[in-house]
Amino acid sequence: MGIEIEADVSDVIGPVPRRLSGSFVEHMGRSVHTGIFEPGHSTSDGQGFRGDVLGLVRELGPSVVRYPGGNFVSAYRWEDGVGPVESRPVRLDPAWHSIESNRFGLHEFAAWAEAAEVEVMYAVNLGTRGVQEAADVLEYCNHPGGTELSERRRANGADRPFGFRLWCLGNEMDGPWQVGHKTADEYGRLAAETARLMRMIDPDVELVVAGSSNSEMPTFGAWERTVLEHTAGLVDHLSLHAYYQEHDGDVASYLASSTALDGYIRTTGGIIDDVLAKAGLDKKIGISVDEWNVWDQRHWNEVEQRELIDGGWREQPRIIEDDYTVTDAVVVGSLLGSLLRNVDRVTMANQAQLVNVIAPIRTEPGGRAWRQSTFHPFSLTSALAVGNSLWLSVTGDTVHTGLCGRVDVVDAAATFDEDGRCAVFLTNRATGSSTDVRLRIRGARLALAETWTVAAPDGHDRHLTNSADAEPVRPVPLPGATVAHDPEGTIITVTLPPLSWTA
Ligand code: AHR
């Protein structure tokens with residue numbers, strides 16, 4: 001197999017937003033409790049934050065972390081998570097059939113985010129609650145002082161406002177599974193009124209209105225249009241959620257997930273433009289891909305949900321602690337490539353989630369924290385994808401997929417920054433053969449600094465996973481790349497191993 005890629009460092013799609021490397025912490029399963037927070041763990045600090053997890057989070061490199069849900073937020077009372085811990089109520093969490101102790105809440109997350117050096121993206125409950133409660137939590141967080149709510153925050157130990165800028169107006173309100181699920185009109189009206197009041201309280205907020213839960217929703221498209229007709233003048237971003245999985249061993253289609261995500265983003269972008277044009281609004285609304293990942297939802301739907309209910313109401317049950325394989329890591333790498341190719345539309349993106357729940361980082365209560373296979377494409381992309389995303393022309397071999405028809409055998413994305421650093425991200429979708437790549441980059445005389453590949457190590461197959469005891473799936477240098485120069489720029493050749501992701 002072979003492919004040619006052409007780029008010109010002056011031919012840019014747009015700047016790579018730092019917020020593209022976002023993540024997500026939900027009160028769900030063991031994401032918070034025994035994930036990021038475990039008082040008494042040997043590595044925990046005085047606040048109960050696991051030091052081993054914080055170390056891995058810094059290595060992973062997320063820029064912004066969404067909190068506190070997810071489906072959880074749609075029945076959550078934010079006040080339960082503030083004030084003296086001993087007087088916080090224990091509640092049922094209907095979304096995840098769990099008991100929520102509320103030992104970890106708003107102040108704890110703000111402190112954790114500071115320790116992790118990430119921006120907070122805070123979601124308000126528009127399922128069981130509404131305009132007033134959203135305004136209240138905003139005032140509590142961001143108003144300097146002198147009002148009942150802001151003074152309560154100060155009395156609870158945060159003298160200075162948290163100053164959260166990014167706010168989600170509810171979560172997946174199009175989904176019948178959502179507590180307080182609404183029609184597009186009902187949600188659009190509520191989101192508009194909530195946005196209006198939130199902007200009165202703090203004009204500097206950036207607001208994310210909820211788009212579709214996935215592109216297979218029967219309301220996809222119509223939902224975006226109606227919701228935006230209510231809210232376009234009031235919001236900055238529209239959310240898009242996307243999870244991918246391998247169906248019945250169809251690995252070719254699974255490896256084409258990034259092409260499907262490209263289409264989902266472009267279609268959503270077109271609807272945004274259409275609504276803005278019809279409303280005569282001269283503004284931009286970005287796409288916030290604030291939940292994306294690979295996730296075996298069949299196992300969740302057919303097995304885990306029933307086990308969760310049968311297990312009764314419990315604190316921090318194990319929920320969707322998927323073990324990720326080499327294949328999953330390669331698909332995650334290609335999805336990151338899709339986000340990079342679409343930076344003209346995508347203003348931020350959050351891999352869902354950060355710890356334990358379909359996450360790149362896993363923990364054992366009282367035990368180790370470790371990197372799943374999917375950790376590596378994320379951390380490398382977060383570190384290397386800086387500057388502008390480049391337009392690429394890809395020609396050569398293709399593979400046939402049930403999901404997207406013919407797709408390029410290599411999924412490609414590239415960035416170039418003002419210091420002359422170029423990063424190229426390549427996914428080889430060929431499962432049985434290596435692929436030769438000839439990459440011409442015009443306008444820059446480049447040397448090869450490093451190459452990293454995630455693939456099945458010799459003697460192992462594409463289903464290999466990491467565990468608390470061993471992390472065999474990790475990036476290794478890719479030998480054999482060549483670099484040449486001509487008057488136009490740089491020519492790099494490289495051979496990608498079968499089913500691999502390379503930076
Ligand atoms: O990330 C897990 C869940 O997936 C989130 O709570 C929900 O928003 C989505 O359906």
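Predicted model: local features only at pLDDT ≥ 70, side-chain atom pairs only at ≥ 80, totals over all residues.

Reader: At what angle do the axes of α5 and α6 cross?

Author: Roughly 35 degrees. The axes of α5, residues 184-201, and α6, residues 222-231, come within 8 Å of each other.

Reader: And which residues in α5 meet α6?

Author: On the α5 side you have Ala184, Asp185, Tyr187, Gly188, Arg189, Ala191, Ala192 and Ala195. They meet Ala222, Trp223, Thr226, Val227, Glu229, His230 and Thr231 in α6. By class, that contact has eight nonpolar, four polar and three charged residues.

Reader: Ok, zooming out. What does the domain assignment give for the protein chain?

Author: Two entries: domain 1 covers 2-10 + 388-502, and domain 2 covers 17-356. Their C-alpha centres lie 31 Å apart. The contact between them takes 26 residues from domain 1 and 23 residues from domain 2.

Reader: Which elements give two or more residues to the domain 1 side of that contact?

Author: Those are β16 (398-401), β18 (410-416), β19 (422-428) and β24 (500-502). β18 provides the largest share of that side, with four residues.

Reader: How do the residues on that side divide, nonpolar, polar, charged?

Author: On the side of domain 1 that touches domain 2, there are 14 nonpolar, nine polar and three charged residues.

Reader: Now the sheets. What's the strand order in the nine-stranded one?

Author: That open sheet runs β21-β24-β19-β18-β15-β1-β20-β23-β22, with mixed pairing. The edge strands, β21 (453-454) and β22 (482-486), each pair on one side only.

Reader: How do β21 and β24 pair, parallel or antiparallel?

Author: Antiparallel, over two bridges. If you want a spot to look at, Val454 stands opposite Trp501 in β24.

Reader: Which helix packs on that sheet?

Author: Helix α10, residues 326-341, packs on it. α10 touches β1 (2-15), β15 (388-396), β18, β19, β21 and β24. The direction of α10 makes about 130 degrees with that of β19.

Reader: And the three-stranded sheet, what's the order there?

Author: It's an open sheet, β4-β5-β11, again with mixed pairing. β4 (91-93) and β11 (314-315) each have a single partner strand, so one side of each is left without a neighbour in the sheet.

Reader: How many bridges join β4 to β5?

Author: Three, and the two strands run antiparallel. β5 is residues 98-100. Leu92 stands opposite Ile99 in β5.

Reader: Where is Gln353 found?

Author: In the loop between β12 (346-351) and β13 (361-363). For background, most peptide bonds are trans, and most residues other than glycine have a negative phi.

Reader: On that note, what's the phi of Thr34?

Author: Near 70 degrees, a positive value in a residue other than glycine. Thr34 is found in the loop between β2 (22-24) and α1 (51-60).

Reader: Last thing. What's the mean pLDDT of the chain?

Author: The mean is 97, and 100% of the residues reach 70 or more. For the complex, the predictor gives an ipTM of 0.99 and a pTM of 0.98.

Note on methods
Residues numbered from 1 in each chain as written. Domains from an automatic or database assignment. Contact = placed C-beta atoms within 7 Å. Nonpolar A, V, L, I, M, F, W, Y, C, P; charged D, E, K, R; others polar. pLDDT = per-residue confidence, 0-100. Axes fitted to C-alpha atoms, helices over the stretch in contact; angles between N-to-C directions. Pairing = 2+ DSSP bridges.
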